[in-house]
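Please read this short briefing alongside the sequence and the 3D view. The points are grouped by topic.

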Amino acid sequence: MPYRVHLMVCAGTGCVSNGSLGVRDALEKEIHRRGLGGEVQVVTTGCNGFCGAGPLLVVQPDGIFYQQLTPKEIPLLVEEHLIKGRPVPKLMYVPPEEKVPIPKMSEIPFFKGQRLVALRNRGLIDPEKIEDYIARDGYTAFAKALTQMTPEQIIAEIKAAGLRGRGGAGFATGVKWEKVRQAVGEPKYIICNGDEGDPGAFMDRSIFESDPHSVIEGMLIGARAMGARWGVVYVRNEYPLALQRIQIAIEKAREYGLLGENIFETDFSFDISVTRGAGAFVCGEETALIASVEGRLGDPRARPPYPAEYGLWGKPTCINNVETWANVPPIILRGAKWYSQIGTESSKGTKVFSLVGKIRNTGLVEVPMGITLRELIYDIGGGIPGGKKFKAVQTGGPSGGCIPAGPLLDQPIVYDGRGERRPLSDALDLPIDYESLTDVGSMMGSGGLVVMDEDTCMVDVARYFLAFTQDESCGACTPCREGTKLMLDILTKIVEGHGTMEDLESLEEIGRVVKETSLCGLGKTAPNPVLTTLRYFRDEYIAHIQAHKCPAHVCRELNVYRIDPEICVQRGHGCGVCRRECPEKAIFGEKNQPHRIDQALCKKCGVCVDVCHFHAVIVE
Amino acid sequence: MPKLKLEDLAAIRDSARRMTSLREGAGRVRITVHMGTCGIAAGARAIMEAVLREIEERHLDDVLVTTSGCAGLCSREPMATVEIRGHPPVKYADLTEARVKTIFEEHILGGKIPVELALAIGSERTH
């Protein structure tokens, strides 16, 4: 019997770590206890996207959205909503600075501005049930591609749709497919790159977790188009849930005969194996990834030859990112014309972003290309918490760049996504597409988006990202191995207060060399965070060097801690907490007397700031 | 299991869709069974089961069923409201399983309101 209510419990990694499986168990128990087992179905779904508000539950068909649930609220929720039909306002989402809860998921600003193509099934299906996927037109696009289209027609459709690689570089997917189709050599391989390594990025993980069959179907269509016999899904081992769900999905597809020999009683045969990556950032680079699949050390090699000609086991190979594959079935099913209406002139379709950093609505969003930074950060992301000012946004992960708040007037000219180039009076109006982001010195990358507020030190940010890429550099080529190390040393010198003005020029010069001469994408992009912050936030570097000050008070070596004697005595009565807590015994004073810090002894750990209840410790 | 044929895919899709279409929240018909204390005491649970049974037996995939509280006329419970998209809602009172069947046959599938069973057409003013 069909159920009258479906309870969609988010079981993405974010919600699971917040305890959503406990919520699910409590729901099942309570529903059983109240005798609603035949009417109400509990479904565990993949990531819903609003990770900051988890654990999440959506009640369908009403579309009521509950957030931050714990098992102890479940009996009330079942009693009120499922038995009496009264949704429970106190468990709903309340926008910041407002008092009225928003019951419907479709009316919450975070969801309202999104357009789901790659994530079309998120929250609507149980990712471990192939029937749920099929119910949402799953494998219909593949059936169409196999029985009604020639390989050339499939490629023409992907080309006409304007789909570009979602892993970051933005190469035209249809063109890549055509190259592999025309390449000489058998068998041909296709690979799904799920080696998502950017800190704070979780787009690919989420697709594997919420809709693994969409990746398999995309690969089936690609295999048919390119004449590939085997596919490899490369997932990093740190993604246990993603790994488990894609493995279950592959097994189910095999059981149904959607993978294997003579699929749908035709002569088309294709199967997929899974390779687990050990978590090296460089393995996201295609030649390093291929080396890793072959069981060798994950080192990149010089291109050409490109994998399209000489790839896995020396055979023609097509590598696409998880999100790219997930975009393929809707394009085939609904047509290139439909798809190419979304987005801008040169960047078609949608893009998934993980929204993190100093932003209210942390989570995963999918938006049409060409949406502005303002719409993404303020309308969907809910803006910056704590009344702080927006300072910059970093796109493209550790190899991306920082885009500053304010005008971009000194910019060459910014592409507006509609064929015109013009300067921008406010960076927040920057349209998000491949060209615009490259124009301002950043890149689309795989979709990590880190928002920074006034409390962020841009020199420290540049150093953080460079430390990451320097650590992940494989060492195969000199510019990347030595160059990133040199740059990191200089940045460390600057944040510790020993930098010189010549260091800035050295940073730019080394950065340029590393960018131009490195072997692979890792080195070619590693200097980006440094070069963009030097371009947009040079005054912060100069403050560190000349005034020995960190304007955001982040670089502790440059901070001077001082106790305001008036506040200390009048408000705190010389309470002495800082004196007792100081690990260096650098604070002196008596009860009811002003305390002071001995600068010679102070190690600048900042504990005094954290422990003072009266905000008497001032950082300069 | 045997290998999937093209026809099988469509068959699985149609049967799976019947079980999951509710999640998309878009039905042609919405039936609200009033399940306040009065409704439950008067047998709303049996009415709910009858409604779900009708949907199952008739293979309907465009009918959504929800519950709500007391409609304010406790003496006439069990009650239900049937709303066909684009038409004003119709309230039915003093329901029995047989009457549920009639409502399905005449109103939901036939498009003709069985006026002898209907309590009111349209809804109260809320503002």
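Chain B has 28 residues in contact with 28 residues of chain A, where contact means that the C-beta atoms, placed from the backbone, lie within 7 Å. This is a predicted model, in which local features need pLDDT of at least 70 and side-chain atom pairs count only at pLDDT 80 or more, while totals for chains, interfaces and linings use all residues. Residues are numbered from 1 along each chain as its sequence is written, and chains are lettered from A and ligands numbered from 1 in the order in which they are written.

**Chain B against chain A**

- Helix H1 (6–20), helix H3 (44–57) and strand E2 (63–68) of chain B each give two or more residues to the side that touches chain A; helices (H or I, at least four residues) and strands (E, at least two) are DSSP runs, numbered from the N terminus.
- H1(B) supplies the largest share of that side, 9 residues.
- The side of chain B that touches chain A has 13 nonpolar, 8 polar and 7 charged residues (Ala, Val, Leu, Ile, Met, Phe, Trp, Tyr, Cys and Pro count as nonpolar, Asp, Glu, Lys and Arg as charged, and the others, Gly among them, as polar).

**Domains of chain A**

- Chain A is assigned domain 1 (5–110), domain 2 (130–340), domain 3 (350–453), domain 4 (458–546) and domain 5 (560–619), with bounds from an automatic or database domain assignment.
- The centres of domain 1 and domain 2 of chain A, taken over C-alpha atoms, are 34 Å apart.
- Domain 1 of chain A gives 5 residues to their contact and domain 2 of chain A gives 6.
- On the side of domain 1 of chain A that touches domain 2 of chain A, 1 residue is nonpolar, 4 are polar and none is charged.

**Helices H7 and H8 of chain A**

- The axes of helix H7 (residues 151–161) and helix H8 (residues 173–182) of chain A come within 7 Å and cross at roughly 155° (axes are lines fitted to C-alpha atoms, for helices over the stretch in contact, and angles run from 0 to 180 degrees between N-to-C directions).
- H7(A) is therefore roughly antiparallel to H8(A) (angles under 35 degrees count as roughly parallel, over 145 as roughly antiparallel, 65 to 115 as roughly perpendicular and the rest as oblique).
- Residues in this contact include A:Ile155 and A:Ile158 of H7(A) and A:Val175 and A:Trp177 of H8(A).
- The contact of H7(A) with H8(A) has 5 nonpolar, 2 polar and 3 charged residues.

How values were computed:
Contact = placed C-beta atoms within 7 Å.
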